[in-house]
Amino acid sequence: MKQLENIALLRGDGIGPEVVEQAVKVLKAVSKKYDLKLQFQEGLIGAIAIDETGDPFPKATQALCEQAEAILLGAVGDPKFDNNPDAKVRPEQGLLRMRKSLGLFTNIRPTVMYAELADFSPLKKERLEGVDLIIYRELTSGIYFGEKSTAEDGNSAQDVCYYEVSEIERIAHLAFQAAQKRRKKLCLVDKANVLESSRLWRRVVQRIAPQYGDVEVSYMFVDNAAMQLIVWPAQFDVMLTSNMFGDILSDAASVLSGSMGLLPSASIGAENFLFEPIHGSYPQAAGKDIANPMATILSGAMLLRQFDLDAAATDIEQAVHRCIQEGFVTQDLNKEQFLGTSGVGDKIVELLR
Ligand code: IPM
Ligand code: MG
């Protein structure tokens, strides 16, 4: 019996608690089928953690995450903080501090296409053919974490984009290894025509590339990459990029499939692994049983795969796919005939058996 006895469960804000609930339901069902022992420990993060402790990433949660074999997160964010640039504490700080303190340096965001949902994509069908890409986004450095300051007179502010060679190397190796297992193409996305830090990325990637001779490497400026994601997304296999560019491009890539509610992600560190849907806390839908739980359920599958539980992971992915094929979906994917958040979770459990 394979055991994962310490999975940290951070439900977070908005729809987070509901979608995490469905993922737990599915993980428990799959654990019976495959004789796994999964145990979950709850922790606070985000706005709810601010409300209860004053801190979006409390010490207790940090300790829980450090000891956990894996972390499953819902979402963080609450509109009551969004429109106040002077707010001293924000839910998102919890997420950023978690990434940094756990050293989750690589964020992996796959774009999976479901033929049945082509009509939901903002792109024409013929542009979607063959789309299967994965973004490797650096997550603990760059402009997000460089020195930042606002002048005392309030008339200027700065955020420094700082990268060290070792920070680029460690994610580049993971991206090359991923490419080797896929279609063997890696595209480094940067702004090397303007930014010194981007030129460092190019140098590092060029130096590493010969170690992965079977991978074809290309380079693209980020403005062009944003356009290419729309006009010809099928050209990409693995896209490797810095923190901020990855943030922007992964949102763009996420809608190719038709719904953000479908896409899982993994964040990998030296010792910790975090899995979360790429969508946000969607506060307008909180508590209404309408949010799509599939992205979180698929994040659960990514979690299992991280521990080589491939059969169980594939089982979940296939059950989700069958739900989509057979129309057991939330209203974001079918306005006329739909199930609720928990209804979709139940259906996926049923299809596992
Ligand atoms: C993401 C989000 C976060 C980010 C926010 C909530 C801080 O947009 O995970 O992509 O910018 O990294
Ligand atoms: Mg983002």
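**Figure 1. Surroundings of P283.** P283 touches G14 and P79, residues up to four places away in sequence being left out; contact denotes heavy atoms within 4.5 Å. The model shown is predicted: local features need pLDDT of at least 70, side-chain atom pairs count only at pLDDT 80 or more, and totals for chains, interfaces and linings use all residues. Residues are numbered from 1 along each chain as its sequence is written, chains are lettered from A and ligands numbered from 1 in the order in which they are written, and side-chain values use heavy atoms, without hydrogens and water. The C-alpha atoms of P283 and G14 are separated by 4.5 Å, although the two residues are 269 residues apart along the chain. P283 belongs to the loop between β12 (273-277) and α11 (294-306); helices (H or I, at least four residues) and strands (E, at least two) are DSSP runs numbered from the N terminus. With 35% relative accessibility, P283 counts as partly exposed, where buried means under 20% relative accessible area, exposed over 50%, and partly exposed in between (1.4 Å probe, protein chains only).

**Figure 2. The two domains of the protein chain.** The chain is divided into domain 1 (1-110 + 258-353) and domain 2 (122-257), with bounds that come from an automatic or database domain assignment. The contact between them takes 18 residues from domain 1 and 19 residues from domain 2. Taken over C-alpha atoms, the centres of domain 1 and domain 2 are 24 Å apart.

**Figure 3. The shell around ligand 1.** Ligand 1 is surrounded by E92, R99, R109, R137, Y144 and D247, a residue being near a molecule if one of its heavy atoms lies within 4 Å of it. This shell draws at least three residues from each of domain 1 and domain 2. By class, the shell comprises 1 nonpolar residue, no polar residue and 5 charged residues; Ala, Val, Leu, Ile, Met, Phe, Trp, Tyr, Cys and Pro count as nonpolar, Asp, Glu, Lys and Arg as charged, and the others, Gly among them, as polar. Polar side-chain atoms lie at 2.7 Å for R99, 2.8 Å for R137 and 2.5 Å for Y144, each distance being taken to an oxygen atom of ligand 1. The protein buries 73% of the 320 Å² that ligand 1 exposes when taken alone, with accessible areas from the Shrake-Rupley method and a 1.4 Å probe.

**Figure 4. T106 in strand β4.** T106 is placed in strand β4 (residues 106-111) and, at 0% relative accessibility, counts as buried. Leaving out residues up to four places away in sequence, T106 touches Y136, R137, L139, I171, L174, A266, S267 and I268. Among these neighbours of T106 is R137, which also belongs to the surroundings of ligand 1.

**Figure 5. V320 in helix α12.** V320 lies in helix α12 (residues 310-326) and is buried, with a relative accessibility of 0%. Beyond residues up to four places away in sequence, V320 touches Y114, M294, I297, L298 and I348. From C-alpha to C-alpha, V320 and L298 are 7.9 Å apart in space, while 22 residues apart in sequence.

Figure 6. Most residues other than glycine have a negative phi. D35, in the loop between α1 (16-33) and β2 (36-43), has a positive phi near 55 degrees and is partly exposed, with a relative accessible area of 42%. K184 occupies the loop between α7 (165-181) and β8 (185-190). Phi of K184 is positive, at about 65 degrees, and the residue K184 is partly exposed at a relative accessible area of 32%.

Definitions and conventions: Polar contact = N/O pair within 3.5 Å; in protein donor to acceptor, adjacent residues only side chain to side chain.
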